[in-house]
Structure formats: C-alpha cells, structure tokens
Amino acid sequence: AQSVTQLDSQVSVSEGVPVLLRCNYSSPVSPNLFWYVQYPNQGLQLLLKYTSGTTLVKGINGFKAEFKKSETSFHLTKASAHVSDAAEYFCAVSDTVPETAGELNTNLLRC
C-alpha cells in the first residue's frame, strides 16, 4: 500500500524567507506524486505533480518539488514566501494503476 507523511502539520514563515514543506512517501511501485493547495475560501488546486522523468518539478507561484527516490521524499519549496502563500498544502501519492486510490495528507502554512 502507498502512503504519504507530511512531517510538519503547521509551518509559520515570515515574508521573504524560504519555504519548506516536507513530504515522505511509501509506495511499492514507481509513484505519481502531487502537491495541492487550498487557499482560504477556495477549492483545492493542483500545485504540481511528478509522474516520471525530470525529478525537479516546477509548479505555479514559484513553488518547486524534487522527487528523491533514495530518500522517498517529495518536499515542496519556494525561495521566498509571500503573504498570499498562506494556505493549506496537501501532498498526495498514487501508484501507476488508475483504479487504486491514493492517500492525501496536509500541511498548514502561515505567512
């Protein structure tokens, strides 16, 4: 079975400093990994995804995540936080079989 673990349930950062939201995964097969964001009073939005190929994935609003198979990690980063980044961030994993449901976990980022 696959799972994700977000190591920080709540992260507070000041504007202009780097952001790191950590996500570790477990999957018996090559995983598809996702970060979603939910801004206040809005729906869930896909931030970025890794399916295969290039391990450094660029997403919207300056966010990036790097797939590190050896560390089973897919940490989300941004070079400089902005007050508009305050939101809930969700890491998700899904295996390559479409019928198999993935697992979703969450981080709350306060700026």
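**The disulfide and its surroundings**

The structure contains 1 disulfide, a term used for a pair of cysteine sulfur atoms within 2.5 Å. A disulfide is a covalent bond between the sulfur atoms of two cysteines. Here Cys 23 is joined to Cys 91, with 1.9 Å from S to S. The link of Cys 23 and Cys 91 is left-handed, with -70° about the S-S bond. Cys 23 sits in strand β4 (residues 23-26) and Cys 91 in strand β10 (residues 87-94), so the pair ties together parts that are 68 residues apart in sequence. Both Cys 23 and Cys 91 are buried. Buried means under 20% relative accessible area, exposed means over 50%, and partly exposed lies in between (1.4 Å probe, protein chains only).

A word on the model. It is predicted: local features need pLDDT of at least 70, side-chain atom pairs count only at pLDDT 80 or more, and totals for chains, interfaces and linings use all residues. Residues are numbered from 1 along each chain as its sequence is written, and side-chain values use heavy atoms, with hydrogens and water left out.

Next, the strands. The protein has 0 helices and 11 strands. Helices (H or I, at least four residues) and strands (E, at least two) are DSSP runs, numbered from the N terminus.

Now the aromatic rings. A search of the whole structure turns up 5 aromatic pairs. Rings of Phe, Tyr and Trp (its six-membered ring) pair if their centres lie within 6.5 Å; planes under 30 degrees apart count as stacked, over 60 as edge-to-face and the rest as tilted. Tyr 50 and Phe 67 make a stacked pair, 4.2 Å centre to centre with 20° between the planes. Tyr 50 belongs to strand β6 (residues 44-50) and Phe 67 to strand β8 (residues 64-68), so this pair ties together parts that are 17 residues apart in sequence. Tyr 50 and Phe 67 are both buried. One aromatic cluster is formed by Tyr 25, Tyr 50, Phe 67 and Phe 74.

Step back to the whole protein. Of its 111 residues, 36% count as buried. Among contacts (heavy atoms within 4.5 Å) with a separation of 6 or more, 56% come from residues 24 or more positions apart.

Last, confidence. pLDDT is the predictor's confidence in each residue, from 0 to 100. Its mean for the protein is 85, and 86% of the residues reach 70 or more. Over residues 99-103, pLDDT stays under 50, and the model has 13 contacts beyond four places in sequence for them. Where pLDDT is low, the predicted coordinates should not be read in detail.
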